[in-house]
Amino acid sequence: MIMDEKSGSYDFKSTEADVQSEWNQNGTFEVSEGSPKPKFYCLAMFPYPSGRLHMGHVRTYTLGDVIARFKRLQGFNVMHPMGWDAFGLPAENAAIKNKVPPARWTKQNIDYMKKQLQSLGFSYDWTREFATCDPEYYRWEQWFFLRMFRKGLVYKKSAWVNWDPVDQTVLANEQVIEGRGWRSNALVERRELAQWFIKITDYAEELLAKLNDLSGWPEKIKLMQRNWIGRSEGLQIRFDPLKESGTGIDVYTTRPDTLMGVTYLAVAPQHPIAREAALKNTDIAAFITAYNQVKMAEADLAKLEKKGVDTGIFVQHPITKEPIPVWIANFVLMEYGSGAVMSVPAHDQRDWEFARQYNLPLKQVIEHPKLGEWDINKSAFVGKGRCINSGDFNSLNFDEAFDAIAEALKSKGLGERQVNYRLRDWGISRQRYWGCPIPIIHCEKCGAVPVPEDDLPVSLPTDVEFDGVTSPIKKMPQWSRTICPNCGGEAERETDTFDTFMESSWYYARFTCNNLDEGMLDDRAKYWKSVDHYVGGEEHAILHLLYARFFHKVMRDEGLVDTDEPFDDLLALGMVLKDGAKMSKSSGNAGDPQHLLDQYGADAVRMAMMFAAPPEQSFEWSEHNVESANRWLRSKLWKTVTQHLEAGPVAMLDKNSLNEYQKDMRRVTHETLMKATDDYGKRLNFNTVVSGVMTLFNELQKFKDESDQGRAVIDEALKTAVLVMSPITPHICTKLWMRLGLGSMDEAKWFTVDEGALRKRVVDVIIQVNGKLRGRIQAPPGVSKDDLSLRARELENVEKFLREEKITRIIHVPDKLLNFVIS
RNA sequence: GCCGGGGUGGCGGAACUGGUAGACGCGCCGGAUUCAAAAUCCGGUUCCUUCACGGGAGUGUCGGUUCGAUUCCGACCCUCGGUACCA
């Protein structure tokens, strides 16, 4: 047993319970908009209620809490809310497995996880809590969707899904394992369904440009978003049919300078040309069928062996009018550009490999700028250079050729300059039950009609049987049968639901006014503005963060918020790994912290997590650290403070009467405080805050001075240590703060560093010979190069390396280093 | 495949602007305390070499820049995250 019952020893159970109940009674973390303090909105990505917390949650929420508590100590009006990203696939899986309706399962999980979060002592304003499956929440999401619908940001088109022919259901990519349905084990087919899309590409330019303003975001995340948006400038080129009757093909290229080297075109297997060709040719039909058996994830498609099939169709080259064969290739994506590419095997490695495989001709049209000669039979030359074998365009460089070819094609109506994005419009239809219903009514006469605002929300029935075969609301005519708001005739509700990224794209704004019945957001959203600090896993670097940035811009354009970006500063956390893989819902409930909380307490769990690694780094979780954190809190922090208090009252610190020994100890205190201020406020490295405080205690342990001023120095050190640790281990620190006679921790203010205390009496200067360490000298700060050089040469171990050598240079880094360079 | 990270003792990590590599903690080893144990405290702990002082090597691999490189540059290997229906 960890606790012993001797009086005065640390009992984390009663301490944590006491402190938490005080927070609850006092409403310590409830905030409003009327404060004279500056506002600070601190948010950690809300969890999917998967059942129990795992260590990834503990890390995210402890980091968020540390930031919130530090900012509170610095005098900010801190809002730190929490809620639930409650719609999603796992609830459906659990419903099938346990025969529980998704709503009930979700509710149970929320109840349990909320208790866990509370027992960890996070400083949440729980009055702002909501779950995204609450109709009061998703009502406004439906309302906002209809605003987008009326703005023309919403449209319908067909798109491909993974179809399980046995379960008669659409599968998510992660539910397709080696080409088979996860439950039925049936071979998955791809199907085309009509789906709703939101025009995020209308905002592509702004989403890209505004990244430059996000100085509080990590460069790596911004870089990933830039690449994801993937802006490029190129040419849309028309290849006309050879015969009048055929169909032409549009391609998009960023290398129009290689147009004269085109030897074939490649189209995606879903391209209309490919489909048409399949009707007449069984080989082509078989090729497309085989392609459609691979799941639609890009990672899987891109890893396919490059394969193609000849359509037998020819189009004409827009300049030379020569016939160009059209192939179908499994590496061409229908979603990007026009679903067709012009292939220049001499100057594109992928085209080159494809041409080799199918014996298609190569034509070199770009000269290597340095080598001149290039053997295109060995590999493609993908660099830029001057045009050759290109008729009128010969000797032009890339830019000149780009312009000349663009002009030539434009005059013939065969080409147009185009800015293209890799970013695709956001498909938001899901053929699932456990999500927010799409508020559209389908009428035979009027088409897709928005549900009138007064009829919102379109509620999802929660008392359902869920067997996994199709969505329950697709089998409930009493739910889907309705009247057309337009013509009053019989009509059907849309039975698809929203992508769950919809909910997480605006929840941060709703926390400002979660109880608002009359609208989506009110002026409180304008008071809290953007999230000042957003904390969450790096796995959300692209999708969630991009969708939320997009939503925010649309909300701004609708006058609902005042700022351009939702998240000013972003802390993108590394993964907590278990056996080398990320901890998540899909890997079961690995890493439930409950037994650790029971055995060692919340402070120990929080401290162990913060001490383990810096936030942005992934690391393998080891429970061992929790025990040692508990030991440190108990036998160092608690015990030292307790013994200090038991030794009686402490005199006032008089800075001017300290001896050198006491000044040295005091310097360590202020160095620790300075480092912690920087680590919390700027570097966001909390592991080094902990190690700094541990070092302070190691120094205190060596400091033996029972004099009045000696004890005053200790007193200051302990108060500093308790303050510095309080964002990480708030329970024990709240109690010790009180005991140290400092009153309520809720009123505490961050300390100021005493610059005078940092001054050093002596510095350690290292002496090197040719960059190798040969000795060290203690000297007063500011010691001159000459003095050092003289003293260094007297050191035997330095002298023996300099003897009989010629010194060519002496490098001096003040107060740090002296390096003798010998030949 | 593509995009973005990461790689430092037995382990987690530190070294913040190119200047003492391994802070702090875990583990392990030795000692104190104890009837004994737990708990606690003290000391040691990169590797090789040396009685010792010291010396040599060393931050994924190979190469480069520099008086000096974990840090900057180039190539490669391994690994993690994302890849648009996991969230």
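In the predicted model, a polar side-chain atom of Q431 is placed 2.7 Å from a base nitrogen of RNA strand B. In total, 78 residues surround RNA strand B, with D85, E298, R430, R432 and N819 the closest. Of the RNA atoms within 4 Å of the protein, 64% belong to sugar or phosphate, the remainder being base atoms.

Within the protein, 50 salt bridges were counted. E192 and R275 form one such pair, with an N to O distance of 3.2 Å. Because E192 belongs to strand β7 (residues 189–198) and R275 to helix α8 (residues 272–280), this pair ties together parts 83 residues apart in sequence. E192 is partly exposed, at 33% relative accessibility, as is R275, at 37%.

The side chains of E660 and R761 are joined by a salt bridge of 3.0 Å (N to O). E660 is located in helix α20 and R761 in the loop between α23 and β29, so the bridge ties together parts 101 residues apart in sequence. A further salt bridge joins K655 and D754, whose closest N and O atoms are 3.2 Å apart. Here K655 is partly exposed, with a relative accessible area of 45%, whereas D754 is buried, at 16%. Finally, E206, K210, R556, D557 and D564 are linked in a salt-bridge network.

Methods: Residues numbered from 1 in each chain as written. Chains lettered and ligands numbered in written order. Predicted model: local features only at pLDDT ≥ 70, side-chain atom pairs only at ≥ 80, totals over all residues. Heavy atoms only, no water. Near = heavy atom within 4 Å. Polar contact = N/O pair within 3.5 Å; in protein donor to acceptor, adjacent residues only side chain to side chain. Salt bridge = Lys/Arg side-chain N within 4 Å of Asp/Glu carboxyl O. Helix = DSSP H or I, 4+ residues; strand = E, 2+ residues; numbered from the N terminus. Buried < 20%, exposed > 50% of the residue type's maximum accessible area, 1.4 Å probe, protein only.
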